Amino acid sequence: MSIYSSYKAELGQHLARLDEAALERLAQAILAAFREGKTIFVAGNGGSAATAIHMACDFCKTTLGKGKTLPNKRLRCIALAENPALMTAWGNDVSYDVIFAEQLRNLAQPGDLLISISASGNSPNVVECLKAAIDLKVKTFSLLGFQGGKAKNLSDDSIVVESQDYGVIEDAHSIIMHMVTARLKPEISG
C-alpha cells in the first residue's frame, strides 16, 4: 500500500468514527453563544493555529451566506493566534505559556465560549488558556487528538480524534470545522 493510500485510509477511518452527537454538541454550544450575544474564542498552535484562524473566518463570514443583504446578527469569533505583536510581547516578557490565557483575560466575559484545538492536548499555552477560561467562567470545548491529553480533563466537552498521526488529526479537525460551519450556516444566515 502506498503512503497515499495508507494516509487516505487512516483519515477515512477516523472521519467515519466521528461522533455526530458530539459534532452537534459543538454546534449547539456555538449557537447558544450566538443567541446569547457571547463571543467565541479559538486557540491553537502551529497547524492548529491555522485551523483556529480559518475557523474564526468561516464562523464570522461563511455562516452569513452570500448575497447583497446579509444578516445584522452575526457570530463573534476571535482566533487568539491572530495578533503576533501581542503574542510575542507576552511570550518575550512573561512566558510563551500565557500567550492565549492573557488575551482571554483581557477580552472574555462569563458565558463566552473557548474552543481549543490541540493534537496532543498537552500544549502548555492551550492548557493555560483552558485554566484561564475556568477562572473566567468561560465555557470550553476542545478538538483534540491522541487520547486528549491534559486539555480533555480541563474542557467541558471535547471531540478526540484518536490517531497517532499529527497530520491526520489536524486534517480531521479542519474537516470538523467545515462540517460545523455547514451546520451553522442555515441558522445564522436565515
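## The sheet

Strand 3 (residues 113-118) and strand 4 run parallel and are joined by six bridges, where strands are DSSP runs of E with at least two residues, helices are runs of H or I with at least four, and both are numbered from the N terminus; two strands are taken to pair if DSSP finds at least two bridges between them. Within this pairing, Leu113 stands opposite Lys139 of strand 4. The model is a predicted one, in which local features need pLDDT of at least 70 and side-chain atom pairs count only at pLDDT 80 or more, while totals for chains, interfaces and linings use all residues. Residues are numbered from 1 along each chain as its sequence is written, and side-chain values use heavy atoms, with hydrogens and water left out.

The open sheet is formed by five strands in the order 2-1-3-4-5, with parallel pairing. Strand 2 (76-79) and strand 5 (157-161) each have a single partner strand and stand at the edges, so one side of each is left without a neighbour in the sheet. From one strand to the next the twist averages 15°, the axes being lines fitted to C-alpha atoms (for helices, over the stretch in contact) and the angles running from 0 to 180 degrees between N-to-C directions.

## Strand 2 and its partner

Strand 1 (residues 39-44) pairs with strand 2 in the parallel sense over four bridges, and Cys77 in strand 2 is the bridge partner of Ile40. In a regular strand, side chains alternate between the two faces of the sheet. Strand 2 has a covered face made up of Cys77 and Ala79, and an uncovered face made up of Arg76 and Ile78.

## Ser142 in strand 4

Ser142 belongs to strand 4 (residues 139-145), and it counts as buried because its relative accessibility is 0%; buried means under 20% relative accessible area, exposed over 50%, and partly exposed in between, with a 1.4 Å probe and protein chains only. Its side chain makes a polar contact of 2.6 Å with the side chain of Ser155, a polar contact being a pair of N or O atoms within 3.5 Å, of which, within protein, one must be able to donate a hydrogen and the other to accept it, while residues adjacent in sequence count only if both atoms are side-chain atoms. When residues up to four places away in sequence are not counted, Ser142 touches Ser116, Leu130, Ala151, Ser155, Asp157, Ser158 and Ile159, contact meaning heavy atoms within 4.5 Å.

Ala119 is found in the loop between strand 3 and helix 6, and its 7% relative accessibility is why it counts as buried. Leaving aside neighbours within four places in sequence, Ala119 is in contact with residues including Leu144, Gly145, Phe146 and Tyr166. Ala119 and Val42 lie 77 residues apart in sequence and 14 Å apart in space, C-alpha to C-alpha.

Phe146, in the loop between strand 4 and helix 7 (149-154), has a positive phi of about 50° although it is not a glycine, and at 16% relative accessibility Phe146 counts as buried.
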